[in-house]
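Take a look at the model below. This short report covers its ring pairs, its charged contact and its surface.

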Amino acid sequence: MPFSRLLDILEGVEKANGVFYASHQCSSFTEEYQQLKEDVPSGLMEWGSEVFGVSPDAVNFWLGGGSSVSSTHKDHYENLYAVVVGCKHFTLLPPWDRHLLYE
């Protein structure tokens with residue numbers, strides 16, 4: 001699906017049934033969505049490097065509507081998450097409960 005159509009669906013310009021969500025890994029923000037970089041506040045990516053003390057291994061991009069839900073999982077990297085519009089709810093578990101995630 002073209003990205004412009006996804007935006008039309010999420011913004012309500014086009015009506016469509018389903019859950020629409022763009023999810024890309026492997027530094028998709030810097031590799032596939034470079035045109036969005038100018039919309040990121042100056043210094044934000046550098047701030048992330050300062051927080052963790054190293055440059056990020058990847059900068060990823062996700063986009064979804066109110067009906068999109070992520071499954072419970074453990075990320076293999078540290079994360080900073082920015083919500084541009086709307087809200088995202090997280091359930092954080094202590095590291096010692098990791099073995100319970102995939103039962």
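## A charged contact

The side chains of Glu-14 and Arg-5 form a salt bridge, with 2.7 Å from N to O. The term salt bridge stands for a side-chain nitrogen of Lys or Arg within 4 Å of a carboxyl oxygen of Asp or Glu. Side chains of opposite charge can pair when their charged atoms come close. The structure holds 1 salt bridge.

This is a predicted model: local features need pLDDT of at least 70, side-chain atom pairs count only at pLDDT 80 or more, and totals for chains, interfaces and linings use all residues. Residues are numbered from 1 along each chain as its sequence is written, and side-chain values use heavy atoms, with hydrogens and water left out.

How open to the surroundings are these side chains? Relative accessible area sorts residues: buried is under 20%, exposed is over 50%, and partly exposed is in between (1.4 Å probe, protein chains only). The table lists some partly exposed residues.

| Residue | Relative accessible area | Class |
|---|---|---|
| Glu-14 | 25% | partly exposed |
| Trp-62 | 30% | partly exposed |
| Arg-5 | 35% | partly exposed |
| Tyr-81 | 41% | partly exposed |
| Phe-90 | 48% | partly exposed |

## Rings that pair

How many aromatic pairs does a search of the whole structure find? The search finds 5. Rings of Phe, Tyr and Trp (its six-membered ring) pair if their centres lie within 6.5 Å; planes under 30 degrees apart count as stacked, over 60 as edge-to-face and the rest as tilted.

Take Tyr-33 and Phe-61. Their ring centres are 4.4 Å apart and their planes meet at 40°, so this pair is tilted. Tyr-33 sits in the loop between α2 (28-31) and α3 (44-52), and Phe-61 in strand β2 (residues 61-64), so the pair ties together parts 28 residues apart in sequence. Helices (H or I, at least four residues) and strands (E, at least two) are DSSP runs, numbered from the N terminus. Both Tyr-33 and Phe-61 are buried.

Trp-62 and Tyr-81 make a stacked pair, 6.2 Å centre to centre with 15° between the planes. Trp-62 is in strand β2 and Tyr-81 in the segment after β2, 19 residues apart.

Ring pairs also join Phe-3, Tyr-33 and Phe-61 into a cluster.

Phe-90 lies in the segment after β2.
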